[in-house]
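User: I'm new to this one and would like a walk through it. Could you take me through what stands out, a piece at a time?
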Amino acid sequence: MQPFALNYARPAAELEVSTPYVYDSGLQLNVLRDGRIAACDHALMRELGTTTSTAGSKTHFDD
Amino acid sequence: MTVLILTSEEDVTADMVVVHLNASGVPVVRLDPADLTGGVALSGEYVHGAFRGHLSAAGRLVSIGGLRSVWLRRPGIPASRAAAPSGWLAEEAGQALYGMLRGSDARWMNHPDAARRARHKPWQLRLAQRCGLPVPATLITTFPQAAREFAERYPDLVVKPVSGAHPQDPPRAVPTSRVAPDADFSAVAFGPTLLQRRVAKRADIRLTAVGERLLAARMATGAEAEVDVRFAESQAPWHPVEVAPRVADAVHAYLREAELAYGAFDFVEDGDGTWWFLECNQSGQFGFVEVDTGQPIARTIAEWLARPAAGQEARVNGASAKVV
């Protein structure tokens, strides 16, 4: 009784990385431990993949 | 006049836009509707023929009449982090927040009605066809026999979810996948199934549209590459690519018809260089393209959000909106 498309399902790959930044409600931005703004560090963004199009994530509906 | 951003705290992609708004001196209030009744509060009164409403978050107070734009980015379910969350409270909180915001003159990226409609993949396919974008032959059906006949006509098929959503119990992903030549289609009867002719691609294209501006990026692939780029084991970098005038005209028509100020279009490029439309994500990610290509997507979004609200159409997107 399983729909056809679910024959192709895979375990969801939630992002396992622990992000090295935290949200600062005063700045309304995520900041690194050294106080820098995380979004300005493009190399880090690329490494973490947190701005990447993903699938199967609860937190990323439209990618 | 303030830009209101509705998104989660962990949305570091939104940060890329906040940085530009801050640099421009444009006031920003960022909040997650999930925090309503906790860190987020609202109030609005309709008295003597007038409306006055306010939102507050993290010590900031903003008048709803003082909003120039609303960026509906990745908002959580309203009040889902309240002390006693419930479906009823979520509906109440959502009606209160979005109901007040809908009455403002702010410009939306994207308006909730347009966003909801734009998520329907069958609707996307039809709109793309009408706008002149090439769409691979597609069938959505619960008839196993229709699927078998489609597979005879188009032997090389992919299957993908109709909704783009993924089952959560247990959490699974349903990527776009090639259908085996000897597939048994009897299970098509148990759920609407989207089958599409596989395009032998030489590149994936992500075209990010912000108002009138189109920023396209290309990633070269092999013809037998992973069908779903999100699941490719190793990815080449994205590079900026020009948009052919005919494609640009069709994409602009799509945005106008869909009343979208923002859209992330996915195409595949075939051996002839034709871009085949796959889908348009009305809130698609863009950070990964910007960090590879250096294209100023975040800055363009910030500029769109920073335009004044007064004197323009209330909900129509930047593609056709008049700004004075």
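This is a predicted model: local features need pLDDT of at least 70, side-chain atom pairs count only at pLDDT 80 or more; totals for chains, interfaces and linings use all residues.

User: Ok, and what does the secondary structure of chain B come to?
Analyst: Chain B has eight helices and 17 strands. Its radius of gyration is 21 Å, close to the 20 Å that the globule rule gives for 324 residues, so chain B is as compact as a globular protein of that length. Taken along the principal axes, the C-alpha atoms of chain B fill a box of roughly 65 × 45 × 35 Å, and 45% of the 324 residues count as buried.

User: How is chain B divided into domains?
Analyst: The assignment gives domain 1 (2-104), domain 2 (137-197) and domain 3 (200-306) of chain B. The C-alpha centres of domain 1 and domain 3 of chain B are 29 Å apart, and 12 residues of domain 1 are in contact with 11 residues of domain 3.

User: Which elements supply the domain 1 side that touches domain 3 in chain B?
Analyst: Helix H1 (12-24) and strand E6 (67-74) of chain B each supply at least two residues to that side, and the largest share, six residues, comes from H1(B). By residue type, this side of domain 1 of chain B divides into six nonpolar, four polar and two charged residues.

User: Switching to sheets, what order do the four strands of the parallel open sheet in chain B have?
Analyst: The order is E2-E1-E6-E7 in chain B, and the pairing is parallel. E2 and strand E7 (107-109) of chain B stand at the edges with a single partner strand each, so one side of each is left without a neighbour in the sheet. Neighbouring strands of this sheet are turned by 15 degrees against each other on average, direction ignored.

User: How many bridges pair E1 and E2 of chain B?
Analyst: Strand E1 (residues 2-7) of chain B pairs with E2(B) over four bridges, in the parallel sense; as one example, Val3(B) has Val28(B) in E2(B) as its bridge partner.

User: And what about the open sheet of three strands in chain B?
Analyst: That sheet has the order E3-E4-E5 in chain B, with antiparallel pairing, and its edge strands, E3 and strand E5 (60-63) of chain B, each pair on one side only. Strand E3 (residues 40-47) and strand E4 (residues 50-57) of chain B are joined over eight bridges. Leu42(B) stands opposite Leu55(B) in E4(B), while Ala41(B) stands opposite Ser56(B) in E4(B).

User: What's in the turn between E3(B) and E4(B)?
Analyst: The two strands form a hairpin with two residues between them, and His48(B) in the turn has a positive phi of about 55 degrees.

User: New topic: is helix H8 of chain B largely enclosed or left open, and why?
Analyst: Seven of the 10 residues of helix H8 (residues 297-306) of chain B are buried, so the helix is largely enclosed by the rest of the structure. The buried residues in H8(B) are Ile297(B), Ala298(B), Thr300(B), Ile301(B), Ala302(B), Trp304(B) and Leu305(B).

User: What does Val210(B) touch?
Analyst: Leaving out residues up to four places away in sequence, Val210(B) touches Tyr262(B), Ile297(B), Thr300(B), Ile301(B) and Trp304(B). Val210(B) is found in strand E13 (residues 201-210) of chain B.

User: Buried or exposed, that Val210(B), and why?
Analyst: Val210(B) counts as buried because it has 27 C-beta neighbours inside 10 Å, where the cut-off is 20 or more. Val199(B) lies 11 residues from Val210(B) along the chain, and their C-alpha atoms are separated by 27 Å.

User: Which strand of chain A is joined to E10(B)?
Analyst: Strand E1 (residues 10-11) of chain A is joined to E10(B) by two bridges, and the two strands run antiparallel. In this pairing Arg10(A) stands opposite Ala173(B) in E10(B).

Key: Residues are numbered from 1 along each chain as its sequence is written. Chains are lettered from A and ligands numbered from 1 in the order in which they are written. Domain bounds come from an automatic or database domain assignment. Two residues are in contact if their C-beta atoms, placed from the backbone, lie within 7 Å. Ala, Val, Leu, Ile, Met, Phe, Trp, Tyr, Cys and Pro count as nonpolar, Asp, Glu, Lys and Arg as charged, and the others, Gly among them, as polar. A residue is buried if 20 or more other C-beta atoms lie within 10 Å of its own, exposed if 12 or fewer, and partly exposed in between; C-beta atoms are placed from the backbone. Two strands pair if DSSP finds at least two bridges between them. Axes are lines fitted to C-alpha atoms, for helices over the stretch in contact, and angles run from 0 to 180 degrees between N-to-C directions. The radius of gyration is taken over C-alpha atoms; the globule rule is 2.2 Å times the number of residues to the power 0.38.
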